[in-house]
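This briefing covers the salt bridges of one structure. Please look through the sequence and the model before reading on.

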Amino acid sequence: MDDYEGGRRRGHGQRRRAGRTLDKRGPSASGGGERRPRRSGPPRDARPMADVEPSPVPEAAQPARALLEEILAKMGLDDVEIVYIARSEGEYFEVRGPRLASLIGREGKTLEALNLIYNNIINAGVRNNRRYYTIDAEGYRARRADQLKTLALATLERVVRENKPIKLEPMLPSERKIVHLALADSPFVRTESEGVEPERRLVVFPKAEQPE
């Protein structure tokens, strides 16, 4: 599995198509008479991420919140609200307010790049107990995470039905992490990443399949 890189940008621009695989056949393609997998269960948190309510900011996360507020103010975003949300895959600071399009950027790349810098600052000089936060804007990344979990389960079904590896299109490091985690407990498939950035992609293998 990838190490979580806190949001390195991909830079392959328009070639990425969220939620699609390289194979043109959709995940629901008929496999009449073929072995159908049992569901490996829903993602670890089946509740739509965007519906998770904020909670009070823990004491340990207060400095990180203050840093984010300072960064946003320097970006001209001083009229926003920052809420803390604990999700199954990590801690989020969600930014709410007007004029967030520039913060999100095209395909979320600005958010991804900001997140990388932000976590590097927080953990500079820290050897133990590093903390990583996900910066979101109006639930943009949470909704994307839900889409990726859905894609992960659809791909699981295809891999078992067709009994062959399926490559997904290149993704951001943080997006690959979500798919890895969604399938981590599956008894039917395993995941690996291959290639180099910005074309690094995730491959889903049948458990019996050996990597090439």
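Predicted model: local features only at pLDDT ≥ 70, side-chain atom pairs only at ≥ 80, totals over all residues.

Residues are numbered from 1 along each chain as its sequence is written, and side-chain values use heavy atoms, with hydrogens and water left out.

**Overview**
- The structure holds 13 salt bridges, each being a side-chain nitrogen of Lys or Arg within 4 Å of a carboxyl oxygen of Asp or Glu.
- A network of salt bridges links R87, E94 and R96.

**A pair within a helix**
- E69 is bridged to R65, with 3.4 Å between the closest N and O atoms.
- The two residues are four apart in helix α1 (residues 62–74), so about one helical turn separates E69 from R65. Helices are DSSP runs of H or I with at least four residues, strands are runs of E with at least two, and both are numbered from the N terminus.
- E69 has a relative accessible area of 43% and is partly exposed; buried means under 20%, exposed over 50%, and partly exposed in between (1.4 Å probe, protein chains only).

**Pairs across the sequence**
- D79 forms a salt bridge with R99, the closest N and O atoms lying 3.0 Å apart. Because D79 is in the loop between α1 and β1 (81–87) and R99 in the loop between β2 (90–96) and α2 (101–104), the pair ties together parts 20 residues apart in sequence.
- D79 is partly exposed at 39%, and R99 is partly exposed at 49%.
- R131 pairs with E91 at 2.8 Å between the closest N and O atoms.
- R131 is partly exposed at 28% relative accessibility, whereas E91 is buried at 18%.
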